[in-house]
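Trainee: I would like to go through this structure slowly, asking at each step what lies behind the words we use for it.
Mentor: Then let us look at it together, and set each word against its definition.

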Amino acid sequence: MSTTAPAPAAALNLSRTTATAARVLRQLRHDPRTIALMILVPCLMLVLLRYVFDGSPHTFDNIGASLLGIFPLITMFLVTSIATLRERTSGTLERLLAMPLGKGDLIAGYALAFGGLAIVQSALATGLAVWLLGLDVTGSPWLLLLVALLDALLGTALGLFVSAFAASEFQAVQFMPAVIFPQLLLCGLFTPRDQMHPVLEAISDVLPMSYAVDGMNEVLRHTDMTATFVRDALIVAGCALLVLGLGAATLRRRTT
Amino acid sequence: MMNYLPGPGETDTGGPTPPAIRAEALTVLRGSRSVLRGLGFTVPRGQITGLLGPSGCGKSTLMRAIVGTQAKVTGTLEVLGRPAGHPALRTRIGYVTQAASVYDDLTVRQNLDYFAAILDPGRAAADRRRADVTRAIADVDLASHADALAGNLSGGQRNRVSLAVALLGAPELLVLDEPTVGLDPVLRRDLWNLFHRIAADRGATLLVSSHVMDEAERCHRLLLMREGEILADDSPEALRTRTGSETVEAAFLHLVDEAVAAGHTKETAR
């Protein structure tokens, strides 16, 4: 049953949104190990990758740029899906929705908190890759950061949505391979998408991660912001918003 | 209550005050099974009403319907003069679920700070919020644990944090689902004293569920429930007198036997 959408809950309330974001960050602050893992693991992976492809720096350029877009997506997916699942199972979600908190406030609060964290994570990873590991980017590193941020938002959105279908943290973690791995295989990281079986190529055309990786590659190869880059960025942003909307629909004030 | 209910919007402009809760033909479905079957009752304002009955009789479902988190509710259910679940009620009702719903990875004060910011947002209200949080922590006697992580507290202490959240913003109606379960006798007595203080000093209405019948004596009024129906709606004294029983527990058993017998005759008459 969808209750009549009340005006105060439909509009975004800025102080409730920031209070929620502050609360999410405060929860994380009591868990420094999670923060350290979120921030350091992508950096370590990049270092590892750089020396795995020690003999072929060109390969590192290609894969490294793609991974800069994929890391934030995966981390944010995991963190958000578990955080929202905990919110659902601990009863705090029911309590919040019985209070004057809009669904939009809650979602925007999460997106704000994890988006902020994603900026830190992506900035460190991008900075490390470009300046210390010699990732050869033709375009501006700021554009890499922009795509990384959009990817993080997409990860947050997917995590939020998927948490509605997970009954336990075990299931939430299993959704990671289910939702992320197919995209990882089809996004063009391993083989260019136009060399795949036509059916798989068609599938990869509708998966958002393909555009995240395309966008990264555009920055890698072109000095200017190309039309393709703009298209890719808009598609990733649009998908993130769409999935956030779907996620909002899974937050019900009234449940059985 | 026989007085007619004023429509929404009239409630704050004088006129007869509607009861805290009024239900008529209230039914809740879960799947195809009805968990609550055609309930009709009123809960008067400014008193403690106990909602008693065995586990699984529908107490929690009724409470969730009252606070507006239960789906598939049919019939009439008015809370503080408005239909249950109305957005305007969200700041006027405090609700405590059976399991403590607080963030384990925040301290007691951080938990309350956050929920207070949802109830009373904005920087201008910061001082009022701080006072409200301090008062709520004192109410549940957790001042010495204010900076402890909720996850490190005992079960009873976590339940009291959850109760403190419900006390924020001085709600007119408190819906408490088994708030004293698992507490030692001293704490239970303290909490009941707090409930009476809240009703007497703040004029709030409390609906408190329990499956422990000896708590019934501490309520002004009782709703006895069994298998999704209301068996009795009366004061503890009146219940004992009517059934000629010494305790509310005996009165409850008497009423159950009566209901079972009545059910049998109804079936044989068919």
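Trainee: Why is strand E3 (residues 48-52) of chain B said to be largely enclosed by the rest of the structure?
Mentor: Keep in mind that this is a predicted model. A residue counts as buried if 20 or more other C-beta atoms lie within 10 Å of its own, and 5 of the 5 residues of E3(B) are buried, so the strand is largely enclosed by the rest of the structure. B:Ile48, B:Gly50 and B:Leu52 point one way from the strand, while B:Thr49 and B:Leu51 point the other way, and all are buried.

Trainee: How do you know that E3(B) is paired with strand E8 (residues 205-210) of chain B, and in which sense do they run?
Mentor: Two strands pair if at least two bridges are found between them, and here 5 bridges join E3(B) to E8(B), with the strands running parallel; B:Ile48, for example, stands opposite B:Leu206 in E8(B). E3(B) also pairs with E9(B) in the parallel sense, over 4 bridges, and there the bridge partner of B:Thr49 is B:Arg221 in E9(B).

Trainee: What makes the pairing in the sheet that holds these strands "mixed"?
Mentor: The open sheet has 6 strands of chain B in the order E6-E7-E8-E3-E9-E10, and its pairing is mixed.

Trainee: Why are strand E6 (93-96) and strand E10 (229-234) of chain B said to stand at the edges?
Mentor: Each of them has a single partner strand, so one side of each is left without a neighbour in the sheet. Neighbouring strands of this sheet are turned by 15° against each other on average, direction ignored. Helix H4 (residues 155-167) of chain B lies across E6 and strand E7 (173-176) of chain B, and runs at about 170° to E6(B).

Trainee: Why is B:Lys72 called partly exposed?
Mentor: A residue is buried at 20 or more neighbours and exposed at 12 or fewer; B:Lys72 has 17 other C-beta atoms within 10 Å, so the residue falls in between and is partly exposed. B:Lys72 is found in the loop between helix H1 (59-67) and E4 of chain B, and its phi is near 60°, a positive value in a residue other than glycine.

Trainee: Where does B:Asp141 lie, and what class does its neighbour count give?
Mentor: B:Asp141 lies in the loop between helix H3 (126-139) and H4 of chain B. With 15 C-beta neighbours inside 10 Å, B:Asp141 also falls between the two limits and therefore counts as partly exposed. The phi of B:Asp141 is near 65°, again a positive value in a residue other than glycine.

Trainee: What makes A:Ala148 count as buried?
Mentor: A:Ala148 has 27 C-beta neighbours inside 10 Å, and because the cut-off is 20 or more, the residue counts as buried. A:Ala148 lies in helix H7 (residues 141-163) of chain A, and the residues that it touches include A:Leu68, A:Pro72 and A:Thr126. The C-alpha atoms of A:Ala148 and A:Pro72 are separated by 6.4 Å, although the two residues are 76 residues apart along the chain.

Trainee: How many residues of each chain are in contact across the two chains, and which helix of chain A supplies the largest share of its side?
Mentor: 29 residues of chain A are in contact with 28 residues of chain B, and H2(A) gives the largest share of the chain A side, with 6 residues.

Methods. Residues are numbered from 1 along each chain as its sequence is written. Chains are lettered from A and ligands numbered from 1 in the order in which they are written. This is a predicted model: local features need pLDDT of at least 70, side-chain atom pairs count only at pLDDT 80 or more; totals for chains, interfaces and linings use all residues. Axes are lines fitted to C-alpha atoms, for helices over the stretch in contact, and angles run from 0 to 180 degrees between N-to-C directions. Two residues are in contact if their C-beta atoms, placed from the backbone, lie within 7 Å. Lists of a residue's contacts leave out its neighbours within four places in sequence.
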